[in-house]
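Have a look at the model below, then work through each task.

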Amino acid sequence: NMEDKAKKYEENKEAIENLEALLLEKEELKNTITANTKSLEQCEAELLDLYKNHGSLEQKANNLEKAL
């Protein structure tokens, strides 16, 4: 009956509230992971470009040294 449900709810109220808080925290952490993953991918792409540019500049420097 309704009284039993209300009693059971009160008995489990703290656990229910903790679960809700944990689920919210889980969702926030998932969002943080997603944002950090995107940021990491962008950093890796930028790092690759830097490596390419560095290699190209090294080659140009070597070519200039040989030309002198």
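**Exercise 1.** Find where α1 bends and by how much.

*Solution.* Step one: α1 bends by about 60° at Asn-12. Here the bend is the angle between axes fitted to the seven residues ending at a residue and the seven starting there. Step two: know your model. It is predicted, so local features need pLDDT of at least 70 and side-chain atom pairs 80 or more, while totals for chains, interfaces and linings use all residues. Residues are numbered from 1 along each chain as its sequence is written, and side-chain values use heavy atoms, leaving out hydrogens and water.

**Exercise 2.** Work out how far helix α1 reaches.

*Solution.* Helix α1 covers residues 2-67, which is 66 residues; a helix is a DSSP run (H or I, at least four residues), numbered from the N terminus. From first C-alpha to last, α1 reaches 93 Å, close to the 98 Å expected. That expected span is 1.5 Å times one less than the number of residues.

**Exercise 3.** Is Tyr-51 buried or exposed?

*Solution.* Next, apply the cut-offs: buried is under 20% relative accessible area, exposed over 50%, and partly exposed in between (1.4 Å probe, protein chains only). Tyr-51 has 56% relative accessibility, so Tyr-51 counts as exposed. Leu-50, also in α1, counts as exposed because its relative accessibility is 54%.

**Exercise 4.** Find the separation of Gly-55 and Asn-12 in space.

*Solution.* Along the sequence, Gly-55 and Asn-12 are 43 residues apart. From C-alpha to C-alpha, they are 63 Å apart.

Definitions and conventions. Helix = DSSP H or I, 4+ residues; strand = E, 2+ residues; numbered from the N terminus.
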